[in-house]
Amino acid sequence: MASINVNGVEIEIDEDGFIQDPDKWNEDVAKFLAKGEGVEEMGDDHWKVVNYLRDYYLKFQIAPMIRKLCKETGFSLKYIYELFPSGPAKGACKIAGLPKPTGCV
Amino acid sequence: MSVIEAKKLDFGFMKEVVDKACTAKNRIDLYNCLACGMCSAGCPYNGVHDNADPRKFIRQLVLGLRDEVLNSRFIWACTQCGRCTMDCPMGVEVLTLVRTVRGNFGLRAPGFLQDVVDNQIKTGNQMEVTTEDYLETLEWMEEELQAEVNDPNAKIPIDKEGAEFLFLWDPREIKYYPQDVQSIAKIMWYVGADWTCSSRWWDATHYALFSGNDEESRIITQRYADEVKRLKVKELVVTECGHATHANKWGPKVWLDKDNDYPVKSIIEKYVEWFEAGLLKVDKTKNPEPITLHDPCNTVRKQGLGDAIRYVLNRIVMDFREMVPNGVYNYCCGGGGGLLAMGSEIYPCRMAKGKLKADQINETGCKLVACPCHNCFDQLTDIFKYYKMDCKVIHLHHLISHALIMEEKPR
């Protein structure tokens with residue numbers, strides 16, 4: 001199993017770079033993962049998306065529909081792609097510390 | 001060198017596999033292997049990573065090396081792409097033997113492949129999208145489309161009885177890529193398609209094709225046969241997804257006993273029909289970038305849609321360049337056969353296979369790859385990342401929908 005090291009803490013990641021244990025997530029981990037997804041600087045809007053995804057996941061153990069993400073953040077789909085060039089599923093969800101969604105993603 | 005112990009050989013094993021095999025052809029033909037090894041020459045991955053030798057697999061089956069076969073890495077690392085059979089002088093369907101072994105001997109696939117099947121059986125779709133969320137997303141994309149084309153009559157019909165065709169989605173379009181829904185619906189609107197979605201069973205995908213469990217395949221396939229009847233549609237049309245196209249076209253004949261002859265098409269075939277009928281007017285100068293095509297094995301080698309894809313591409317892009325080899329001889333992306341759902345255990349094989357595809361693409365000089373398949377789409381994206389390629393994958397519908405000539409909309 002591969003791992004990343006953030007501030008001296010080893011965190012296991014899967015083959016696609018998704019962290020394995022959501023409890024190990026913190027803002028520094030998010031910033032670290034963001035760089036791998038083409039997000040150099042996490043701004044307020046990035047955090048709004050990431051925090052929504054994370055809160056939803058902790059509550060329901062599943063990623064929200066993109067519909068819900070847009071509705072709750074008030075951001076258009078186009079804007080979410082501007083924030084996260086690799087998209088909401090592989091980009092934003094990964095940065096938010098969600099495990100890789102099962103299925104054809 | 002390993003020793004084969006005669007007393008351990010199970011001479012009934014091959015027959016057991018053949019008897020359980022699910023094929024549209026004659027099962028008996030599976031015995032026709034001449035041990036010539038052309039399959040091993042035909043498999044692009046033989047030598048790319050270990051345990052990728054189809055001839056060895058067949059010989060083990062024939063000899064009755066039961067444990068070796070059931071515990072082999074080969075049966076999971078094989079992408080069931082069918083390339084080996086292209087070179088087999090006897091046409092032995094190696095992928096059928098692989099699928100049969102996977103699904104009939106109490107084995108569990110690596111990774112989360114079975115979870116995907118379980119989700120689909122249990123919830124009706126592999127991503128556990130609720131009906132409410134599904135309908136809300138369709139409604140949302142309908143509103144977005146209406147705003148985009150400035151026409152309140154641009155609709156995404158649901159449960160419309162007597163429509164010409166029922167359209168099945170890939171759940172990732174619904175859950176993660178709703179812009180794909182809008183793009184496809186835009187084309188439907190443009191040509192004035194008489195289509196409908198189902199509120200009940202709408203997931204085109206079919207991972208039991210990969211797990212090899214025929215009972216689960218039957219359950220999934222029956223749902224769409226029932227929907228065709230309930231909604232009184234003439235045909236079933238499947239989104240740009242390779243294995244879903246194959247499973248829905250081939251599946252009814254092998255898994256269902258009755259009412260299994262409803263017509264099933266890929267949306268690619270509809271694009272061709274719409275072009276032929278003069279309904280699709282596309283400005284190809286909107287797609288000027290050099291672009292190559294990855295032929296999805298399930299759509300092209302198994303369902304023969306290579307010419308249809310090229311017919312469409314030549315009408316929608318300026319500079320189409322073939323990779324070599326291509327068409328029915330194309331190499332798999334390396335992510336077929338359910339490998340994308342097999343987790344870290346199979347990942348090294350998947351990336352090793354992907355090197356061939358990376359080289360093929362690099363040789364074309366294109367930075368854009370057309371691919372009418374979601375599974376290949378993800379594998380290609382993973383390959384680009386892994387081999388640090390500055391490339392992008394794109395579906396046919398995106399190339400079409402953003403290049404439609406609005407002033408010439410037919411009706």
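Colleague: Which residue in S4(B) is the bridge partner of B:Val238?
Modeller: B:Ser266 is the partner. Before going on: this is a predicted model, where local features need pLDDT of at least 70 and side-chain atom pairs count only at pLDDT 80 or more, while totals for chains, interfaces and linings use all residues. Residues are numbered from 1 along each chain as its sequence is written, chains are lettered from A and ligands numbered from 1 in the order in which they are written, and side-chain values use heavy atoms, leaving out hydrogens and water.

Colleague: What makes strand S3 and S4(B) a pair?
Modeller: Strands pair if DSSP finds at least two bridges between them. Strand S3 (residues 235–238) of chain B and S4(B) have three bridges, in the parallel sense, so they meet that rule. A strand here is a DSSP run of E with at least two residues, a helix is a run of H or I with at least four, and both are numbered from the N terminus.

Colleague: Why is one side of strand S2 and of strand S4 of chain B left without a neighbour?
Modeller: The open sheet has four strands in the order S2-S1-S3-S4 (chain B), paired in parallel. S2 (195–196) and S4 (264–266) of chain B are at its edges with a single partner strand each, so one side of each has no neighbour in the sheet. Helix H15 (residues 267–276) of chain B packs on this sheet, touching strand S1 (165–168), S3 and S4 of chain B. Touching means contact, with heavy atoms within 4.5 Å.

Colleague: Which strands form the open sheet with S5 of chain B?
Modeller: The order is S6-S5-S7-S8 (chain B), again with parallel pairing. Strand S6 (319–321) and strand S8 (392–394) of chain B hold the edges. Three bridges join strand S5 (residues 290–293) to strand S7 (residues 368–370) of chain B, and B:Leu293 stands opposite B:Ala370. S5(B) also pairs with S6(B) over three bridges, where B:Ile291 faces B:Phe320.

Colleague: How many bridges join strand S1 and strand S2 of chain A?
Modeller: Five, between residues 2–6 and 9–13, and these strands run antiparallel. A:Ile4 stands opposite A:Ile11. In this hairpin two residues lie between the strands, and A:Asn7 takes a positive phi near 55 degrees.

Conventions:
Axes fitted to C-alpha atoms, helices over the stretch in contact; angles between N-to-C directions.
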